[in-house]
Amino acid sequence: MKTCFALSCLMLGTFGFSASLLLAEIDVRQAQSNRTEVVRQAAPAVVAIFSADGNGGGSGVLISPDGYALSNFHVTSACGNFMKCGLNDGVLYDAVIVGIDPTGDVALIKLLGRNDFPFAPLGDSDQVAAGDWTYAMGNPFLLATDFQPTVTFGMVSGVHRYQYPAGTFLEYTDCIQVDTSINPGNSGGPLFNSAGELIGINGRIAVEKRGRVNVGAGYAISINQIKHFMGQLRGGLVVDHATLGATVRSGTDRTVLIDSILESSNAYRRGLREDDEIISFAGRPIGSVNQFKNILGIYPQGWSVPLVYRREGKKEQIIVQLPALHRKSELLQPAGPKAPPQPKRPDGRGPKSPDDPHSAEASLPKDELLAEYKKLFVKKTGYANYYFNEQEQQRVLAGLKPFAGWQNAPAKWVLSGKTTDQDTFQIKLLPQALSAQFTKRAPGLQNLDGTDFLDEPPGSGGLLAALQQFKMLLTGGAAAFTEMSYLGNQPLDGQEVSVDVLVTRKSTVECRWYFRSSDGVLAGFDSSLGTDVDAAQIRFLDFQDVQGRYFPSRFAVQYGNTDYGTFEVTTVDISAANETAN
Amino acid sequence: MLASIKSLSSAVVIPFLKRGLLLLTTVLLAIPNVGWSQSNSQTITSVSPKVVKIFGAGGAKNLYAYGSGFLVSPQGHILTVWSHLLDSDTVSVVLNDGRRFEGKVVGVEPPLDLAILKIEADGLPCFDLSQATSVGPGTRVLGFSNAFKVATGDEPVSVIHGVIAARTTLTARRGAFESPYNGTVYIVDAVTNNAGAAGGVLTTREGKLVGMIGKELRNTQTNTWLNYVMPISELSDTVEQIISGRFTTKKTDEDEDGVSKKKPRRYEAADFGLITIPDVVARTPAYIDRVLPGSLAEIAGLQPNDLILFVGNDLVQSCQMLREELGRLQSGDPLKIVVRRDDQLVTVGMTVPKKSVE
């Protein structure tokens, strides 16, 4: 009996061992088939990018069925406004530049000719952790002459990495570091997670030795950062990153303090001062200067984000609107297609020399661009491609449809009603002048004879000027302004709700109109009387039919740090200009 | 647990008796999770807090002012490579969570290319050297290091993955692979040995300690780079002796009879317990920065801030010349050093100890 037991133990032991090998083998085979499956699904969305004459080269990835694709700015800037893009079906497509982010090294292009392009689903790069498996795909060394992407497989080495600008304004913030082999030509191509979701755009490698090949440290721009800029990129803009308008320094015990602050900055007006300690920024705790720069770098200019600071032991939260990092002219210079060497291409390919053995393989058949494609590029200063900005303007302006009844309405408007703090108001918007009368508040008067717009009524930030702008938008649309532009989307007032932003200018007044991204409804607008001053912030709370016309019946007005009031409109009298107002 | 095994291999399990099932369960549990398809996040989360970033002397071309190390005692002993980084008075040690400490060199062993630093802290997560494992070719490994100083903020160091390609002897030759370390190494199929990576740690996928990542090593003839890792078994005795304060360089170089096992090696200042100021300019004067406690130099009475003027009868005008002079010495030679201390010339004498390796 004992022997029998021992024998069975031995047998079982042996069996257990071989079973484990079997299990390991199953595991390996499973992992392998998973990998092949991810590659099979992801590869069709990977783009090989060439300049129109077949030179240069890099990679990209499709993110929508109508052909929008992401790449690096340093790839597309060398390729011109129209480029050629190869997919793994072996077909070469025409593509046009849409929007660029020279600072973040991102470009959005649009492949043409189909509405059913394969595309990669966007992942959530904040969920990525060191140790996760990744796939880099693209066209390193231009090996894929049939546009079948090269696939490399590797691991995430670190997340939320900050890479200093390498002698240019090109700065990689909050990026993903991988040991996945990334080489020249991979630039602009996708980094996928193990589920085949797009988590980053490969862009830069450590090149401190061994020439321009992989040394185990590659960097991908996180897809979550790109998501912040996506609206602006789709709007054909040359997008800019943000600054705080203040410099920071390390304090003792891992604190970060405001070193100096511009008095003209929004942060200063919100109350931030020198030596204040930054506790958190955009919802993320701050423990080092590096960390702060890392987080700041992922936001576009003009966004409002929450900032918590401590002064003399007391914590305070403010919403700060972030100014642009660069002057417009700084970014515009390299955006022109005829200036390729402008930003140093950290890992990109140099221009091809004629004796490059690959140039023959890579050269593409020359063909003329279709006329219908040519109109997809409109040159305008400040834009990568103004055509797409116009498209986005039209899309967003559709949100004004409910207000259609105001088009060409008579020119005299008289709004009356009460405020929530038991004041009454009568606001007159006449062709020659604007006025506001209250029971309690100070009255306001604004002439429209060409004099400067002022803070009328006082303390409102120029509510009269703002309402005049609103009237112009409703009655005249885009044509009523000197300039209109689509500025992408952003969370309204640093909160959850995403809005599309249109900006308009008329004389010295600049307005930002906010349309809810989800349903296109006009959520409010900011009207500022100049640069570096606070805007009157008008937020629509309710709409009603007022004498047969759709109108914001309740709206809140905020100026700087103070609530000016919440207005409830009971009547809107409109009459033609030649009738006298009572 | 049973359920999960069933789901893995129910076809295998079912035919067996209950007793057998129990046994099989035990055997299966003992097998480490191969986890080919899984993320290494868990291992990385447990290993990263034991790896430190070191910032010290350097900054000139090819002399990086940053490096790596890892904690080998809860009291803050750190194992790293012996390099120019440690030439400064103290180095800055940054932990995984961003805490910053001043690190002091408590011992070095140039033939093994290792140094032990100490920071004033307690209760730190650390590796237990006695738990280090020996691995063979094909073992899947992770390398943790401050490579390229990527992790500059309050963030964990970089991690890369690879496979042990070979376990072999590093034949470090002048002109080919020039390295003071001359012993068993693991060769890794990943680019583990990058700028700043030396002193980093190599573990198995399960986080078991394997070895210390060596310096960058380039074959000057073929311009190829070697990614090698020194097994902990080669280093642990010395490390433990340094930490316990029992360390003298002689021990590792002699067999039981006190006879040198290895060919003589060029002498360095550290062999005498001398640390000079960082050699950063073309002719850095050979000032003594520190004298290691219990060393020959201390016994002879040398002090920090002494300027070394003569080794034997030869005038020493720079750190570089000091290295050359010391390199000429033979074991057992009488050594006379003349230093300038304040306004006086001081002469000290000692005997060159027995040493190892070329």
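In chain B, 60% of the contacts with a separation of 6 or more join residues 24 or more positions apart, two residues being in contact if their C-beta atoms, placed from the backbone, lie within 7 Å. The structure is a predicted model, in which local features need pLDDT of at least 70 and side-chain atom pairs count only at pLDDT 80 or more, while totals for chains, interfaces and linings use all residues. Residues are numbered from 1 along each chain as its sequence is written, and chains are lettered from A and ligands numbered from 1 in the order in which they are written. Chain B holds seven helices and 20 strands; helices (H or I, at least four residues) and strands (E, at least two) are DSSP runs, numbered from the N terminus. Of its 358 residues, 42% count as buried, that is, with 20 or more other C-beta atoms within 10 Å of their own, C-beta atoms again being placed from the backbone.

Turning to chain A, the domain assignment gives domain 1 (246-321) and domain 2 (392-575), with bounds that come from an automatic or database domain assignment. The contact between them takes ten residues from domain 1 of chain A and nine residues from domain 2 of chain A. On the domain 1 side, the largest share, three residues, comes from strand β17 (residues 304-311) of chain A. Taken over C-alpha atoms, the centres of the two domains are 31 Å apart.

Buried in α9(A) are A:Phe388, A:Asn389, A:Glu392 and A:Val396. These residues lie on the same side of α9(A) because they cover an arc of only 105° around the axis, the arc being that of the directions from the helix axis to the C-beta atoms. The buried residues of α9(A) pack against several elements of chain A, including α3 (223-234) and β24 (498-506).

Strands β19 (residues 412-419) and β20 (residues 424-429) of chain A pair in the antiparallel sense over six bridges; strands pair if DSSP finds at least two bridges between them. A:Val414 stands opposite A:Lys428 in β20(A). Four residues separate β19(A) and β20(A) in their hairpin, and A:Gln422 in the turn has a positive phi of about 65°. β20(A) also pairs in the antiparallel sense with strand β21 (residues 433-438) of chain A, over five bridges, and this hairpin has three residues between its strands. Here A:Phe425 has A:Phe438 in β21(A) as its bridge partner.

Notes: A residue is buried if 20 or more other C-beta atoms lie within 10 Å of its own, exposed if 12 or fewer, and partly exposed in between; C-beta atoms are placed from the backbone.
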